[in-house]
Amino acid sequence: MFQFFITPDQIRENDIIISNEQDVNHIRNVLRMRQGQHISLCCQENSKEYICVIEEIRPDAIRASIEDINGDSRELPVKITLFQGLPKSDKMEFIIQKAVELGAAEIVPVASKRAVVKLDEKKAAKKVQRWSEIAKSAAKQSKRSLIPTVHPVINFREALEYGKSMDMLLIPYEDAKGIGHSREVIASVKGKKSLGIYIGPEGGFQMEEVEEAVAVGAYPITLGHRILRTETAGMAVLSILMFMLEED
């Protein structure tokens with residue numbers, strides 16, 4: 001079943017009006033959906049999924065009647081924010097797509113000291129706009145009940161400051177204690193409401209950056225004896241957390 005996102009003003013008593021030009025075009029001309037077909041419509045503001053049947057298709061709008069309403073059942077119980085060091089080329093697009101599929105609620109691009117990529121304000125704004133569209137598309141594909149937020153690019157100290165508002169912080173680092181200690185740290189995530197994960201760029205974190213993260217309460221963890229690429233490390237942590245935190 002195809003999924004689209006809606007806002008509260010589109011919801012009526014028994015039906016929903018899809019008026020977004022892009023969504024209408026996608027449903028009519030790309031998917032070529034017809035009256036009587038079912039569609040999933042998610043509202044982030046009330047965390048509900050509406051299972052609807054298409055009743056009317058017009059050039060400028062689509063009307064769908066509500067058949068069932070589901071609560072917020074596809075989101076992890078812990079709000080996870082991925083602080084991702086800026087990678088080279090188009091790796092960030094891949095990272096955002098997979099992070100959304102694995103349950104991240106926010107992605108924050110971080111310009112750390114060893115980041116090779118340097119973006120000026122104008123380029124960064126265009127990148128964030130592109131990344132936000134990728135997050136939206138991935139949320140639709142993975143049937144998320146919300147569209148994860150992609151924040152503007154910030155520096156590492158700003159990322160640490162933002163992380164102070166979260167219940168727990170993790171920073172994968174190759175010189176962290178053994179895997180047993182890391183298992184204990186990750187197991188303690190259960191019961192928390194929010195979690196931040198700091199992932200370094202291709203060059204990794206500088207020792208002073210790790211020390212700064214520890215100073216604000218971050219837990220260094222190891223992901224094993226192998227050195228992971230920046231586009232792999234975040235996915236490894238998110239996969240572990242998704243499997244551990246997912247509820248029936």
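**View 1. Contacts of Gln10 in the predicted model.** Beyond residues up to four places away in sequence, Gln10 touches Asp15, Ile16, Ile17, Ile18 and Ser19, where contact means heavy atoms within 4.5 Å. This is a predicted model, in which local features need pLDDT of at least 70 and side-chain atom pairs count only at pLDDT 80 or more, while totals for chains, interfaces and linings use all residues. Residues are numbered from 1 along each chain as its sequence is written, and side-chain values use heavy atoms, with hydrogens and water left out. Gln10 sits in the loop between strand 1 (3-6) and strand 2 (15-18); helices (H or I, at least four residues) and strands (E, at least two) are DSSP runs numbered from the N terminus. Gln10 counts as buried because its relative accessibility is 11% (buried is under 20% relative accessible area, exposed over 50%, partly exposed in between; 1.4 Å probe, protein chains only).

View 2. The Gln10 side chain reaches the backbone nitrogen of Thr7 at 2.9 Å.

View 3. Five strands make an open sheet of mixed pairing, ordered 1-3-4-5-2; two strands pair if DSSP finds at least two bridges between them. Strand 1 and strand 2 are at the edges with a single partner strand each, so one side of each has no neighbour in the sheet. On average, neighbouring strands of this sheet are turned by 40° against each other, direction ignored. Strand 2 and strand 5 (residues 62-70) run antiparallel and are joined by four bridges, and Ile16 stands opposite Ala64 in strand 5. Helix 1 (residues 21-30) lies across strand 1, strand 2, strand 3 (38-43), strand 4 (48-57) and strand 5, at about 160° to strand 1. Axes are lines fitted to C-alpha atoms, for helices over the stretch in contact, and angles run from 0 to 180 degrees between N-to-C directions.

**View 4. Aromatic pairs.** The structure holds four aromatic pairs (ring centres of Phe, Tyr and Trp, the last by its six-membered ring, within 6.5 Å; planes under 30 degrees apart are stacked, over 60 edge-to-face, the rest tilted). Phe83 and Tyr162 form an edge-to-face pair, 5.9 Å centre to centre with 80° between the planes. This pair links Phe83 in strand 6 (residues 79-85) to Tyr162 in helix 4 (residues 156-163), 79 residues apart. Phe83 counts as buried because its relative accessibility is 1%, whereas Tyr162, at 29%, counts as partly exposed. Phe156 and Phe205 form a tilted pair at 5.3 Å and 50°, and both are buried. Ring pairs link Phe83, Phe156, Tyr162, Tyr198 and Phe205 into a cluster.

**View 5. Nonpolar cores.** The largest nonpolar core has 38 residues, of which Ile80, Leu82, Ile96, Leu195, Ile197, Leu238 and Leu241 touch the most other members. A nonpolar core is a set of buried Ala, Val, Leu, Ile, Met, Phe, Trp, Tyr and Cys residues joined through side-chain atoms within 4.5 Å. A second, separate core of 16 residues includes Phe83, Val110, Leu160 and Ile171.

Notes
A polar contact is a pair of N or O atoms within 3.5 Å; within protein, one must be able to donate a hydrogen and the other to accept it, and residues adjacent in sequence count only if both atoms are side-chain atoms.
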